[in-house]
Each structure stands twice: as C-alpha cells, then as structure tokens.
Amino acid sequence: MTSPIVGMKADIEMLKTAFGNAMKVGPVEELDARKGYRIKLGDGPDGPYLSPWYPHPESGGATKTWAPLSKGQVVGMINPTGDPRQGILIRGGFSGENGPPSEDIAANIFTFGGVSLTVKDGKLTIDGDVQINGASLRHNEKEVGDTHRHTDVMPGGAVTGEPQ
C-alpha cells in the first residue's frame, strides 16, 4: 500500500517543480551574439544564480528581426515542460532602469543609439542622422536619389525647377 503512495508523492513533487519552473521573470545578465542570453534568477554566495542560455526572442522565418536585448532588461522565461533548457524568452516590459521612450499611447516608437523612429497619426518621424543605400529614392513619384536631374537649371545662384 505504501509503494503507490510514495510514487504519487514523487509525481506530485516533480509536477510542483515543473510548474514552478514553467514561468519565471528576471533581468538579462549575460549576452552573447551566438548563444543568446542568461537571466539572473537570484543571488548566490559566489555571484548571481544564472539560467542556462536562452535563444534570441526574435523572428527567424521569411521576415527576420534583430533587436538584441540589453543587460538589465526584464524578460519572461517560458519553459512549457518545466525544463529551462527547452524554454524561450519573451520581452517583459519596462523597469526602473529601462523605462519607456514615451508615455504617448497613440505612438509606436523605436529608439536605439541616439536614433528614434516614431509612427503616429499616419506619419513616420525620424530623429537622428539618416543614411539611405540603394539605386533609387523616390518622393511623390519623383526620383530624388543621386541620379535625379533638375529642370530649368541656370548657372549661378538661381533656383532650379522640380526634379524629374
């Protein structure tokens, strides 16, 4: 009679451990371009207690993104089986160290390295230096790239006509 009860107790303990490991939240502690991220799960006597390496939480299909996490950024770890070696990261939101770039709920904003892209009310605003690489640049259906030509060009300080 005791053998089935001992087995059930062991099963319950394993389920409690798996459930406890299924979802965790913590800050990024280590970053590696190939390995991904290690998350700080707590402090130990010899330094922080770290998760195993998690892959980048990015899109890797036909549409690819690359927006690396930064040290201290809060993430959620989802481990469906309870095994963190089989888990994934999700971006966890803002913290005191990493606050939002705006409080405007109607705007979508991307900031990095001194550049800010804001999409609001059907308009894209870029704050920062812009470099465009390509064979063509068009504005209102007119070529304005490095191969465009102006009409009505006159030598001297005259104003040119519209680009062709």
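1. Q73 lies in the loop that connects β3 (47-50) with β4 (74-78); strands here are DSSP runs of E with at least two residues, numbered from the N terminus. The model is predicted, so local features need pLDDT of at least 70 and side-chain atom pairs count only at pLDDT 80 or more, while totals for chains, interfaces and linings use all residues. Residues are numbered from 1 along each chain as its sequence is written, and side-chain values use heavy atoms, with hydrogens and water left out.

2. Is Q73 buried or exposed? Q73 counts as buried because its relative accessibility is 16%; buried means under 20% relative accessible area, exposed over 50%, and partly exposed in between, with a 1.4 Å probe and protein chains only. Leaving aside residues up to four places away in sequence, Q73 touches G26, P27, V28, R91 and N98, where contact means heavy atoms within 4.5 Å.

3. The largest pocket has a volume of about 740 Å³. Among its 24 lining residues, Q73, F94, P101, F110 and T111 are the closest to the centre. A pocket is an open set of points on a 1 Å grid over the protein atoms alone, where a 1.4 Å probe fits and protein lies on both sides within 12 Å along at least five of seven lines; lining residues have an atom within 4 Å of a point. The volume is the space filled by probe spheres set on the points, which are joined across faces, edges and corners.

4. The lining of the largest pocket comprises 13 nonpolar, eight polar and three charged residues. Here Ala, Val, Leu, Ile, Met, Phe, Trp, Tyr, Cys and Pro count as nonpolar, Asp, Glu, Lys and Arg as charged, and the others, Gly among them, as polar. Strand β6 supplies the largest share of this lining, with four residues.

5. Strand β6 (residues 108-112) runs antiparallel to β7 (residues 115-120), and five bridges join them; two strands pair if DSSP finds at least two bridges between them. T111 has S116 in β7 as its bridge partner. Two residues separate the strands of this hairpin, in which G113 takes a positive phi near 60°.

6. Strand β7 also pairs with β8 (residues 123-127), in the antiparallel sense and over five bridges. T118 stands opposite T125 in β8, and V119 has L124 as its bridge partner in β8. The hairpin of β7 and β8 has two residues between its strands, and D121 takes a positive phi near 55°.

7. The three strands form an open antiparallel sheet in the order β6-β7-β8. Since β6 and β8 are at the edges, each with a single partner strand, one side of each is left without a neighbour in the sheet.
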